[in-house]
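Hi everyone, thanks for coming. Today I'd like to walk you through some side-chain contacts in one protein. Let me put it on the screen.

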Amino acid sequence: MKKRVLSAMLVAAMAMTAIPSQTFAEGALDAAQQTGKLSYDGYKQVWGDEFDGDSLNRDDWNVETHEKGWVNNELQEYVDSDENIQVKDGKLVINPVEKVETTASGGESENMIPNDAFGDASNDGVITKEVTNATMGSNPWDIQIIQNGIKIEEGETYEVSFKASSTKPRKIVAGVQKTSADYDQYGQGTFDITTESVEYKYEVNGTVTDENAGVYFNLGKSDQTPETPESTIKISDIKMVKKSISGTKVKKSYTSGRISTQNKQTFTYGRFECRAKVSKGQGYLPAFWLMANDENVYGQWPRCGEIDCMEVMGQETNKAYGTIHYGNPHSESQGTYTIKDGADFSDAFHTFTCDWEPGKITWYVDGVKYHEESDWYSTTVGQGTLTYPAPFDQPFYIILNLAVGGSWVGNPNDETSFENNPYEIDYVRVYQKDSYDEDVKRPVKEVTLRDPDATGNYINNGDFSVKEDLSDDTDWKFLTALEGEAEASIDNNTMTVKTTNEGTVDYSVQLVQADLPFEKGATYQVQFDAYASADREMGVDIKAPDHGYMSYMPHQDAQLTTEKQTYTYTFKMGDASDANGRLEYNMGAKGFTADIYISNVSVKKIKEADPNEKEEKTVLANGNYVYNGSFQEGDKHLGYWNISNAENADVTVTPFSDGRRLKVTMSGNEKSAVVISQEDLAFATGTPYKFSFTASSDADNTITANIGGHVYTFDIKAGETKDFAVELPSDAEYVNHDISITLGMQGKTWIDNVSLVENALIKNGSFNDGTTGYTVYIDSSAKASYVVDSLKDDNALAVTINDTGDQDWKVQIKQENIKLEKGKTYKLKFKAKSSLNRQIRVVMQGQENRGWSVYSNDNIVDLTNEYQTFEDTFTMNEDTDTAAFFSACLGKIGDNRITTQHEVRIDDISLEEVKDDPKEDIKDNPKDDPKDDPKEDIKDNPKDDPKQDIKTDIKNEQPKVPAPVIKTSDSDKVKTTQAVKESKTAKAAKTGDNSPIMAYVFGAMAGALILGVSFLKKKEY
């Protein structure tokens, strides 16, 4: 059961691409594996549920409740109901329930058009428009009032009615249309309106399902004779209702059951076994699967990992799926097992087993092995790769559920039965070995990169000299999906693409060539000639089909004209070498259907990789300049760190159960302390920084830190755990860009969460570091793209939006892990503008575990085409939240879904604490206050004040830099006790996703890596 919002793009992509795995077909296994007698030598049962009672054991199981569409566009609501979840006759029974509501023949639905949804054009439900000779133009649509976002369903009939009048009789046009370049009409009428307000009606037919149809009124120049008069037009009582065409209107809803052992029974490694019989029918998806108990440890799905022990599609109940999900962007490995001789997983009970060991996961059906995987990773774009076997090295919990409908299995049909069709589980058991060896290495896969042709071109048939089959997987392949309708052909050394329906996503019309080799560190040039029958846009990408369709080349939009032009793009391969890159021409959902002509395509390596090139350090996606500050990456979790003076000392990283801290044990024979260091980091003069770390010791010790030549010492007492921090001002000068930490000479010292970040509550508010620190989320139902613009602006985030989607969070800019303290007052400040007058929503709020509570004011602001600066001062009235987030919602605000292309720019985002004492503000500029005591400023540097009594655990040996600040660790665990405001719409983006949507993915943040380990109980190892 995929816990994600998986876009149709990813589904289609997976169908087109072989998924790397080791799957064993029936007949290909040795005799021992085919016996069905799985050995349990070395295992012992550590937990299980035989379901022998008459009710669910809630000491072990949670009953989860979730609304319809929570993930995967599923239709069911998960409820806590005896009708859906039963324990009887030694079985757990999960029943799907269908509820049907009907209305009488000819019934009408509720109004689908709120009168006030026509924006500023409507006042008290009346649209008033003055039409003059100067404004009416030459066509009816030159003055148009339209509301988009109306859902039309295929096969349904609708009636639209409205009242209208004009100060002078005239004609107007009203209708419902497809909001695309061809503006197909679902229904339309021309109406003679008079000076009296009269009701008019017309009928609309749903020829296709359209989520974003537009209801419009064209008030421009009509075709009537004599000339269209100047007049004032009023329109009111606009109504659109669905008419029943089948005689009876039917509304169906579904409920089902989902139970889990989260926080009650968790396991790291083991053999997980379930004996079950599944539901049969289109739209059912019974599942037995595992999820990470705490997604904050490595980050949300898919970074946290998922193990699907068993999934069976209700329409194909002779086939079982075993899958793991991981990485960011999303990757997966999947195997299948098909029963022979007409047998069926819905006819009888079968045993499904998943054996999870460090570095290997194996799937069985009735003791027969059918899939094995050892190659996975946990990577966050812009951050790093965790030490293998992460993410599958942490506690997971068990889930049993029955989904109804969704993006993978499809929805129930007329043949799907809801009568006596349960998902039945005989038992669930977990076995483990006495111990597991986690010192495993990820399999090394040899990547063989093929040679180009004699001209250096890696594209096959780039000159289109061969008229090839465009439907196979050899060389060029042409694809349509999600309502895309187009044809492609090769003639006269040219690829021609003729589109009749652009579809709903960019890959709805797509030309691709895979098997392109790209070497890490090399530079490549993509070049082609192209033109179109009319000016239009075409997307160009280099993607990774085997790695979640991540992008190797920044997305390009080629602006095609009617004249042939040569388009050239270059990029450096920054990721690991890949033998299966893919060139993509994406022609869907661009607002155009003009024919496209492509020729002379080439991809060439123009610069070899430099084997001696050092990795250029940058600020990480979570805002940290220190790499692997939480000791989660690289060999033995020590990636990026240099270790010196460790001849006699023991330097290790503690296990997961201790939070993965660096541990240094001194034997007493050392001549010098252990030093850990990193070189050539990206910090520089001009930005204020905060350097911090957490330390523990079993003896009195001194720790020394050197940041670019600025040296600080930190004293720690035996048995203490402390958070240390030091601030470096923006004018600090550095002799180098290295950091080093010298650990204590006595006993054992632990250190963790090493961080050097911009000293601000919101990091990178100027966007000078690109989108570092931010997640830009674009839902699959919305259409948008973004760039940090340094050409037209001073590094502002520019978001181009073609469709806002149907919720404000469908286009969203986020920065997470911002600490807001109870009782403190803050000022949120930003500037923004839009090419189209519109509203956006900008707030500070809590995560899902805080009920999405909005801590700031609910700032819905009006943008114009000029920059405006907005400020919001608010007090944090809820309990302290260390994981609050900044959210700028650019999706649909109120009832105004916008499908007109426009651009929103946002910049200079800041969040500052507002001091209660006005003197604190005066001290920002003491020259403004003649009464200010200069001794207060002297205290910032105690060495300048001989009378200052220095009593601190930190000794500053660089007088240029203000004395560091000690912050002792806070052991109090705060809980949410009240909600000041609760957002109904600003939900967090769920990625996986990440699909190309998630496309993001974007500059995905992983600050949760640091926070996620801090909660773990610390104990000595």
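By buried I mean under 20% relative accessible area; exposed is over 50%, and partly exposed is in between, using a 1.4 Å probe and protein chains only.

Before we go further, a word on what you are looking at. This is a predicted model, so local features need a pLDDT of at least 70 and side-chain atom pairs count only at pLDDT 80 or more, while totals for chains, interfaces and linings use all residues. Residues are numbered from 1 along each chain as its sequence is written, and side-chain values use heavy atoms, with hydrogens and water left out.

Now, which partner does phenylalanine 217 pair with? The partner is phenylalanine 162: the ring centres are 5.0 Å apart and the planes stand at 80°, so this pair is edge-to-face. The rule is that rings of Phe, Tyr and Trp (its six-membered ring) pair if their centres lie within 6.5 Å; planes under 30 degrees apart are stacked, over 60 edge-to-face, and the rest tilted. Phenylalanine 162 has 0% relative accessibility too, so this residue counts as buried.

Strands here are DSSP runs (E, at least two residues), and helices are runs of H or I with at least four; both are numbered from the N terminus.

Here is another ring pair. Phenylalanine 528 and tyrosine 569 are tilted, with 6.3 Å from centre to centre and 45° between the planes. Phenylalanine 528 belongs to strand β36 (residues 523–532) and tyrosine 569 to strand β40 (residues 565–572), so this contact ties together parts 41 residues apart in sequence. Both phenylalanine 528 and tyrosine 569 are buried.

In the whole structure, a search finds 48 aromatic pairs. Ring pairs can also link up into a cluster, whose members include Trp47, Phe51, Trp61, Phe267 and Tyr436.

Rings can have charged neighbours as well. Arginine 271 lies over the face of tyrosine 43, 4.1 Å from the ring centre. Likewise, the charged end of lysine 814 sits over the ring of phenylalanine 885, at 4.8 Å from its centre. To count, NZ of Lys or CZ of Arg must be within 6 Å of the ring centre and within 35 degrees of the ring normal.

On to salt bridges. How many does a search of the whole structure find? The search finds 51, where a salt bridge is a side-chain nitrogen of Lys or Arg within 4 Å of a carboxyl oxygen of Asp or Glu.

Take arginine 58 and aspartate 80, whose closest N and O atoms are 2.9 Å apart. Arginine 58 is in the loop between β2 (44–49) and β3 (62–63), and aspartate 80 is in the loop between β4 (76–78) and β5 (85–88), so the bridge ties together parts 22 residues apart in sequence. Arginine 58 is partly exposed at 42%, and aspartate 80 is partly exposed at 44%.

What about aspartate 473 and lysine 477? Their closest N and O atoms are 2.6 Å apart. Aspartate 473 is exposed, with a relative accessible area of 53%, whereas lysine 477 is buried at 14%. There is also a network of salt bridges linking Asp789, Asp793, Glu903 and Arg905.

Let me finish with lysine 617, in the loop between β42 (596–607) and β43 (642–644). Is lysine 617 buried or exposed? Lysine 617 counts as buried, because its relative accessibility is 17%. Its side chain reaches the backbone oxygen of glutamate 679 at 3.1 Å. That is a polar contact: a pair of N or O atoms within 3.5 Å, where within protein one must be able to donate a hydrogen and the other to accept it, and residues adjacent in sequence count only if both atoms are side-chain atoms. Not counting residues up to four places away in sequence, lysine 617 touches Tyr627, Tyr640, Glu679, Asp680, Leu681 and Ala682, with contact meaning heavy atoms within 4.5 Å. The C-alpha atoms of lysine 617 and alanine 682 are separated by 5.8 Å, although the two residues are 65 residues apart along the chain.
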